[in-house]
Amino acid sequence: MTESVAKGNLITKLELFFEACILQGWKDSIVTLQSMWRQSGWLDEHRIVQPCLNSVIEKILAHPSQVTWSYTYTRPGYPKKHQRKSTPKDWWTEDVSDLDLDLFRSVISTIRSTRKFPAALIGEALHVYACKHLPSPQEIQEQAQSFSVQMDHTLSKHRHVLESIVSMIPAELGSVSGSFLFRLLKVANCVGASPSIKAELVKRSGRQMDEITANDLIIPSSTNPQSHDISAVEAVLENYLAQFHRREENGRMMVSMTKVGKVYDSYLQITARESTLSVSKFIALAEFLPEIARQEHDGLYQAINIYIKEHPELSKEDRKKLCRLIDCHKLSPETRANAIANDHMPLRTIVQLLFVEQERSVRASSSKEAYAIPSLNEIVNARIAQDDAKRSTDEREGGYRQKESVAGARGEKIRVAPSPSPSPSPSPSPSEAKTEKDREENIGQFGGKHKTK
């Protein structure tokens with residue numbers, strides 16, 4: 001029935017109520033828009049959905065000083081609403097994040113087309129939406145262990161949300177944080193995003209690699225959740241270095257490179273604990289960062305020290321290869337003192353560290369700057385004594401096992417008690433002669449190169 005037949009029809013009253021109450025309120029517009037959008041078979045989109053969408057966008061574009069309606073703002077670190085003197089610029093992002101993805105995309109697209117908001121504000125809205133609709137990589141991995149049809153649907157939904165968010169990120173540098181980009185890259189690995197989306201995230205993450213921490217670089221592998229995706233980190237670093245070389249090497253870029261170097265060495269300290277990481281791969285990772293990024297080698301030394309401790313099966317040759325990466329001149333005095341007293345370091349490395357320390361002590365203007373570090377002879381003699389003791393123990397154990405096996409063959413029980421009788425002037429054994437020769441060679445290196453070779 002229309003108004004031409006009789007006055008006061010229900011449809012007319014509902015339309016008046018909708019325009020006077022629903023569309024004038026912020027949260028009422030959000031709730032009505034979401035409810036009508038989710039109604040299956042709703043065909044009257046232009047009478048309800050579009051007016052609500054227009055109302056929401058109009059209120060978002062209003063200046064914060066004109067915002068008088070109620071809104072949700074529960075960010076950590078911000079004071080409560082009644083304690084704030086002014087409305088924050090991103091006041092609308094939390095309520096809009098409750099919308100379905102298609103509605104959210106419509107809101108963001110319309111806002112961006114007006115060019116009234118900075119790119120960082122659009123990025124903040126995307127960040128809030130991602131935090132609400134995308135689980136963490138750990139949660140996705142836990143869910144993926146179910147191997148059910150429902151899980152496949154869930155992963156597909158997460159993948160759709162991720163790809164939509166990446167497509168909406170403004171092109172301007174800094175529109176979103178570097179940590180947020182790496183979070184999206186981790187999720188992309190877990191949900192099986194397309195190669196183009198991964199490539200876009202790698203490119204964007206490389207542009208902002210100087211904003212992240214070492215934990216941001218811990219990207220779970222898509223095939224093995226217990227391991228890290230090292231290739232993704234290498235791809236991001238490669239993109240960063242490519243952009244660094246394209247730009248002019250000014251002071252700001254050098255500060256950025258130094259910061260990336262420290263973060264990368266901290267990342268090496270984390271990956272060094274992986275039992276499956278081979279020594280050749282670890283060396284390749286360490287050498288992937290250019291020398292210009294490492295103003296000091298303290299972080300690299302810590303990473304190598306952790307790797308040696310976590311991999312006790314390493315041979316002496318592998319330890320020497322690892323320590324060749326360290327430039328002794330780029331270690332701080334505290335780290336040099338720690339390395340000299342470190343039993344895991346090769347003797348040749350310690351000799352070179354002592355030479356550098358002696359040079360520093362000579363140049364020191366005051367004795368207060370010198371550290372109490374053992375002399376070269378003390379270190380060499382201590383190492384030789386350790387080798388002699390180990391060699392002697394091995395020989396005694398070997399002799400005991402040999403005699404015991406012979407006695408077993410004869411059916412006799414023989415107890416071996418080593419009691420060497422000293423001779424007046426014994427000739428040096430081959431092992432002792434080799435030890436003395438090693439000692440002379442190590443001392444002879446004292447005037448050689450200072451960087452481990």
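Is Arg204 buried or exposed, and at what relative accessibility? At 11% relative accessibility, Arg204 counts as buried, where buried means under 20% relative accessible area, exposed over 50%, and partly exposed in between (1.4 Å probe, protein chains only).

This is a predicted model, in which local features need a pLDDT of at least 70 and side-chain atom pairs count only at pLDDT 80 or more, whereas totals for chains, interfaces and linings use all residues. Residues are numbered from 1 along each chain as its sequence is written, and side-chain values use heavy atoms, with hydrogens and water left out.

**Overall picture**

The protein has 19 helices and zero strands, these being DSSP runs numbered from the N terminus (helices H or I, at least four residues; strands E, at least two). Of its 453 residues, 42% are buried, and its accessible surface comes to about 25700 Å², of which carbon and sulfur atoms hold 52%; accessible areas come from the Shrake-Rupley method with a 1.4 Å probe, and for residues only the protein chains shown count as cover. Among contacts (heavy atoms within 4.5 Å) between residues at least 6 apart in sequence, 71% join residues at least 24 apart.

**Salt bridges**

A search of the whole structure finds eight salt bridges, each defined as a side-chain nitrogen of Lys or Arg within 4 Å of a carboxyl oxygen of Asp or Glu. The table lists some of them.

| Pair | N to O distance |
|---|---|
| Arg204 and Glu200 | 2.8 Å |
| Arg294 and Asp265 | 2.9 Å |
| Arg324 and Glu317 | 3.6 Å |

Arg204 and Glu200 lie four residues apart in helix 10 (residues 195-207), so about one helical turn separates them; Glu200 is partly exposed, with a relative accessible area of 28%. The salt bridge between Arg294 and Asp265 links distant parts of the chain, with Arg294 in the loop between helix 13 (279-288) and helix 14 (298-310) and Asp265 in helix 12 (residues 251-271), 29 residues apart. Arg294 is buried at a relative accessible area of 4%, and Asp265 is buried at 4%. In the pair of Arg324 and Glu317, Arg324 is partly exposed at 31% relative accessibility, and Glu317 is partly exposed with a relative accessible area of 39%.

Helix 5 (residues 101-114) has 14 residues and reaches 20 Å from its first C-alpha to its last, close to the 20 Å expected at 1.5 Å a residue, the expected span being 1.5 Å times one less than the number of residues. Its residues Leu101, Leu103, Phe104, Val107, Ile108 and Ile111 are buried. They cover an arc of only 165° around the axis, which puts them on the same side of helix 5; the arc is that of the directions from the helix axis to the C-beta atoms. Just after helix 5, Arg115 takes a positive phi of about 60°.

Gly123 has its place in helix 6 (residues 119-133) and is buried, with a relative accessible area of 2%. Leaving aside residues up to four places away in sequence, Gly123 touches Ser175 and Val176, while Gly123 and Met168, 45 residues apart in sequence, are 8.6 Å apart in space, C-alpha to C-alpha.

**Confidence**

The protein averages a pLDDT of 80, and 72% of the residues score at least 70, pLDDT being the predictor's confidence in each residue, from 0 to 100. Over residues 406-425 the pLDDT stays under 50, and the model has six contacts for this stretch beyond four places in sequence. Residues 439-453 also have a pLDDT below 50, with 37 contacts in the model beyond near neighbours in sequence. Where pLDDT is low, the predicted coordinates should not be read in detail.
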